[in-house]
Amino acid sequence: MGFSVKEIKDLMDKMQQTGLGELEVEDEGYTLKLSAKKAKKTVENVVMAPTAPATVVSAAPLAAAPVAATPSAAAAAQTDEEETEEAAKEDEGTVVTAPTVGTFYSAPGPDKPAFVKPGQAVGKGDVLYIIEAMKVMNEIKSEMDGTIGKIFVKNGDPVEFGQPILTIV
């Protein structure tokens, strides 16, 4: 009958150890999807749903065990935290995050202009950027009207699920 709590915890531990961002496993008609947010080392979503007619089982998000920080890692984490706070103060507005893991592209092609630039007005439904995942180009569209604030990633950068990409003010 699906996956035991111990099996799920073992998979979560292996994801943390290997740095794997997402995992999907099927067993006896059940599908288990795990998604981890790399920066915080926590499992973001745990959803267990049957692939055949049966009862839906769901588990709450679980945090991974804390990792002891070395002095240099602690200093780097503090610097990252300061930069994030500074960016939040600098660019108030709505943060648009990556809906999936993949490669960020700011333009439809290498010789084409970027979809958006800081200061540019955008409308609901306008293409903001592309994320390539498993050889599929996914156009990410604006869900609101506004002006592009800051773009946090560069063309060709790998991105994680939930990573801030840009702001719309």
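How many aromatic pairs does a search of the whole structure find? I got one. For my own reference, rings of Phe, Tyr and Trp (its six-membered ring) pair if their centres lie within 6.5 Å, and planes under 30 degrees apart count as stacked, over 60 as edge-to-face and the rest as tilted.

Before going on, some ground rules. This is a predicted model, where local features need pLDDT of at least 70 and side-chain atom pairs count only at pLDDT 80 or more, while totals for chains, interfaces and linings use all residues. Residues are numbered from 1 along each chain as its sequence is written, and side-chain values use heavy atoms, with hydrogens and water left out.

**Entry: the layout**

I looked up the elements and got two helices and 12 strands. Helices (H or I, at least four residues) and strands (E, at least two) are DSSP runs, numbered from the N terminus. In sequence order I read α-β-β-β-β-α-β-β-β-β-β-β-β-β. The protein has 169 residues, and 27% of them count as buried. Buried is under 20% relative accessible area, exposed is over 50%, and partly exposed is in between (1.4 Å probe, protein chains only). I also checked contacts (heavy atoms within 4.5 Å). Among those between residues at least 6 apart in sequence, 49% join residues at least 24 apart.

**Entry: back to the ring pair**

The partners are Phe104 and Tyr129, with ring centres 5.3 Å apart and planes at 45°, so I noted the pair as tilted. Phe104 sits in strand 6 (residues 102-105) and Tyr129 in strand 8, so the pair ties together parts 25 residues apart in sequence. Are they buried or exposed? Phe104 is buried at 2% relative accessibility, and Tyr129 is buried too, at 0%.

**Entry: the cores**

Next I looked for nonpolar cores, meaning sets of buried Ala, Val, Leu, Ile, Met, Phe, Trp, Tyr and Cys residues joined through side-chain atoms within 4.5 Å. The largest has 18 residues, and Leu128, Tyr129, Ile165 and Leu166 have the most contacts inside it. Strand 8 (127-133) and strand 12 (164-168) are the elements that give two or more residues to this core. Strand 8 provides the largest share, five residues. A second, separate core has eight residues, Phe3, Ile8, Met15 and Ala36 among them.

I then followed Leu166. Beyond its neighbours within four places in sequence, Leu166 has contacts that include Val96, Val116, Leu128, Tyr129 and Phe152.

A cavity is a set of points, on a 1 Å grid over the protein atoms alone, where a 1.4 Å probe fits but cannot get out; lining residues have an atom within 4 Å of a point. Points are joined across faces, edges and corners, and the volume is the space filled by probe spheres set on them.

The second largest cavity holds about 30 Å³.

**Entry: after strand 8**

Met134 is in the loop between strand 8 and strand 9, with a positive phi near 55°. Lys135 is in the loop between strand 8 and strand 9 as well, and its phi is near 65°. Met134 is exposed at 79%, and Lys135 is exposed at 73%.

Met137 is in strand 9 (residues 136-141). Setting aside neighbours within four places, Met137 touches Ile130, Ile131 and Glu132.

Key:
On a 1 Å grid over the protein atoms alone, a cavity is a set of points where a 1.4 Å probe fits but cannot get out, and a pocket is an open set with protein on both sides within 12 Å along at least five of seven lines; lining residues have an atom within 4 Å of a point.
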